[in-house]
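Please go through the following model with its sequence at hand, residue by residue where a name is given.

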Protein chains: 2
Amino acid sequence: MKELKGACIIGQSGGPTAVINASVLGAVQAALAAPQITNVYGAAHGIKGVLNQQLYDMSQEDPSELELLMFTPASALGTCRYKMKDPDVDPTDYEKLLETFRKFNVRYFFYNGGNDSMDTCNKISKFMLKNGYECRVMGIPKTIDNDLYGTDHCPGFASAAKYIATSCMEVKHDACCYDTGMVTIVEVMGRHAGWLTASAALANFAGAGPDLIYLPEVDFDMDSFLNDVERVYNATGKCFVVVSEGIHDKDGKFISEAKTNSNDGFGHAQLGGLANKLAEVVRGRVSAKVRAIEPSLLQRCATHLASTTDATEAYLAGKTAVNAAVNGDTDKMVAFERNCILGNYVCSTKLLPLESVANFERKVPREWINAAGNGVEKAFIDYALPLIQGETGMKVENALPRFARLKKVLARPTC
Amino acid sequence: MKELKGACIIGQSGGPTAVINASVLGAVQAALAAPQITNVYGAAHGIKGVLNQQLYDMSQEDPSELELLMFTPASALGTCRYKMKDPDVDPTDYEKLLETFRKFNVRYFFYNGGNDSMDTCNKISKFMLKNGYECRVMGIPKTIDNDLYGTDHCPGFASAAKYIATSCMEVKHDACCYDTGMVTIVEVMGRHAGWLTASAALANFAGAGPDLIYLPEVDFDMDSFLNDVERVYNATGKCFVVVSEGIHDKDGKFISEAKTNSNDGFGHAQLGGLANKLAEVVRGRVSAKVRAIEPSLLQRCATHLASTTDATEAYLAGKTAVNAAVNGDTDKMVAFERNCILGNYVCSTKLLPLESVANFERKVPREWINAAGNGVEKAFIDYALPLIQGETGMKVENALPRFARLKKVLARPTC
């Protein structure tokens, strides 16, 4: 395999997670150590920074400050939601990327994102190949949705799952300590896949969780839902429901009040307000106090509850991507394989062709959801529990988080 | 001082906190150890359990399980919002209490609550005295609102403050990592006092907090608010606002959409929906994505982020109440005094007459709020920072909380 010498760009895309920066740390450290990589650049706001030649020189960062990225939430390099056009329809953006690559002698591109980002990676890789520009492109997975195809799980999911499970346990205690009737509805992120919503069942495993859980993998029926709530409420005087923002009826229509005048850069409708909507419906049926809770951003940025297993694997994903690329791999995404060694969970990495991953969605298997479609089976607990292990290693100063503070020194073209 | 021998009741009232059970633990352990106390009862759902003779025999609990109360959220004995009538108007409830006291030979009553509970304590104490029933009554403070009169701070506040500060730091990172305009509005609990909302400023102290903070201590003016948001947004492309649910205009009218058909047992309107309302208003002025976040119950039950200083002081408050009562004190609330020893924060307890506490509210001093009324001064940081110290001691099993599971064995009358 021919050695390829040149600069690398590392970028982040889409919604952040509690451990996405651990992947950047892994990639940056591996790149700084690789003799084949001449310069290590961080893209300001993902692909937009590459388009606009806004690149940070990562070698200017203090190594000990960089290490804090292991437990710093959100995308430290900045993120974006920008869908590039199909290069066969409009190659403008791709030509701009090529210009940046040439100006900075970029031979390695690492993109840390979800489904859409893997699609972006794949298109960039194909375009560079077609234009005879030698370049290795690797995807580093991340998503709290856990819906990337071909990998056992995705970095970012487990920390969000731990947050949801822990918060559900705490809310269960709070919502059940009054002597009056109470229905509590918690809305969890996840547009098409219910992995994160299902993680509320970990709270049941630990002794205090929701009575009912609804995932987008099963068509939602309002009458069945109301019957479920009424049955639990009549039996216990309480009812605790966890519901995915992405639940939809049998025709695929979101139950959530889709805000039609607002969507993200990929044309997905922005969801939200579902818990409030369901609460209104329940109030018409049950004469209890009904409370809607939407943890919103809190669930994806709670590094203070990060799983160290998750952070470690996120780091590993970043490092593996760089090491594989300098060794000749391209057009691949790092994926996780689950091994069971002497009864213990062990995670290993593998590489998947980008085009086998891009734009597919992995959903919770139907057999992991109960027959009634209002709860989760033990198979899910067995799957998720090993992933959330390990207390956060977040650095604390004065009892508050000490997150990384990067200098973000802009780089100048080298060619 | 004459020794008073008999049973004690410990009850919890009002909204729970992350550490309210630490006070119950302190009180129960002290009561079980006190030779003057013959039986230790926990009231099921506060004063309602006393009225209905639903008392748990706390000696039946496993001591090691009881210890888990130190870091178990919500009210482990159950709580209520029940305002007893003035005994001069309708003594029915008080006569029922007296009946329970006689049946169980109760000579000590400890009530763990906020303003309204201290009023309840005071009335019970006066009624028993008037009816010649010898009994010692003590209040044990708790409230995330931190608004009890005469005490430096209240158990429960600091853990909620730590949750708000930590979450604000995390949300700040998340909300600022996109390259697009973003206004984020977080709504914090606190009907009349802004202590908890002000704690968002701790996030600024730690390097990543809100741009604007509005407390109920200052009349809220919508035009000034919109000007503030626009100014920050135009300068930075982002704006992060934290606002108390209890903000009101100069005529005292809540800005929140008060749900008029629903109120708690004390006749307070149930607030909520403020962040969404403000978000709507901001959308009319600034062409950015505007996100409303209401942490709701999460902020008062997050034992996973409890301050150990807070939990320890809550425990101390419970224990002090019992020890003071067996030594002859009655009609008092345990309060905290702040001492500065060699530059270090040291908390000590004192006793205050219940009637000096009941129904007063302690607010954030105006001079701790900036002149414009949209931020918090350093004096507040100096006040709050020592209170949030110490990582939670919450027990963890399988990476999830292991909260106390009480048997709750109902007691039978002894007389």
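Leaving aside its neighbours within four places in sequence, B:G156 is in contact (heavy atoms within 4.5 Å) with B:T17, B:V19, B:T143, B:I144 and B:D310. This glycine, B:G156, sits in the loop between β5 (136-141) and α6 (157-175) of chain B, where helices (H or I, at least four residues) and strands (E, at least two) are DSSP runs, numbered from the N terminus. With a relative accessibility of 1%, B:G156 counts as buried, the term buried meaning under 20% relative accessible area, exposed over 50%, and partly exposed in between (1.4 Å probe, protein chains only). B:G156 and B:T312 are separated by 156 residues in sequence, yet their C-alpha atoms are 11 Å apart in space.

The model is predicted, so that local features need pLDDT of at least 70 and side-chain atom pairs count only at pLDDT 80 or more, while totals for chains, interfaces and linings use all residues. Residues are numbered from 1 along each chain as its sequence is written, chains are lettered from A and ligands numbered from 1 in the order in which they are written, and side-chain values use heavy atoms, with hydrogens and water left out.

In chain A, helix α10 (residues 274-283) has A:L274, A:A275, A:L278, A:A279 and A:V282 as buried residues. Seen down the axis of α10(A), these buried residues fall within an arc of 135 degrees and so line one face of the helix, the arc being that of the directions from the helix axis to the C-beta atoms. What they pack against is β6 (182-188), α9 (222-236), β8 (238-244) and β11 (289-293) of chain A. Helix α9 of chain A also holds A:D228, an aspartate that counts as buried at 12% relative accessibility. Beyond its neighbours within four places in sequence, A:D228 is in contact with A:L212, A:Y214 and A:N374.

Side chains of opposite charge can pair when their charged atoms come close. A salt bridge is here a side-chain nitrogen of Lys or Arg within 4 Å of a carboxyl oxygen of Asp or Glu, and by this rule the count over all chains comes to 38. One of them joins the side chains of A:K83 and A:D116 (3.6 Å, N to O). This pair links distant parts of the chain, 33 residues apart, with A:K83 in the loop between α3 (63-67) and α4 (92-103) of chain A and A:D116 in helix α5 (residues 115-130) of chain A. At 36% relative accessibility A:K83 counts as partly exposed, whereas A:D116, at 18%, counts as buried. A network of salt bridges links A:K83, A:D116, A:D119 and A:K123.

Another salt bridge brings together the side chains of A:K350 and A:E337 (3.8 Å, N to O). Because A:K350 lies in strand β13 (residues 344-353) of chain A and A:E337 in strand β12 (residues 332-341) of chain A, the pair ties together parts that are 13 residues apart in sequence. A:K350 is partly exposed, with a relative accessible area of 29%, and A:E337 is partly exposed as well, with 34%.

How many salt bridges lie between chain A and chain B? The count is four. Among the salt bridges, that of B:D179 with A:K48 has an N to O distance of 2.7 Å. The side chains of B:D174 and A:R300 likewise meet in a salt bridge (2.7 Å, N to O), and this pair crosses between chains, from helix α6 of chain B to helix α11 of chain A. B:D174 counts as buried at 1% relative accessibility, and A:R300 counts as buried at 7%.

Taking the two chains together, 58 residues of chain A are in contact with 58 residues of chain B. The area buried between chain A and chain B (the accessible area, 1.4 Å probe, that two parts lose on being put together, summed over both) is about 4,800 Å², of which carbon and sulfur atoms give 61%. A:E170, A:Y178 and A:L400 supply 14% of the area that chain A buries against chain B, more than any other three residues.
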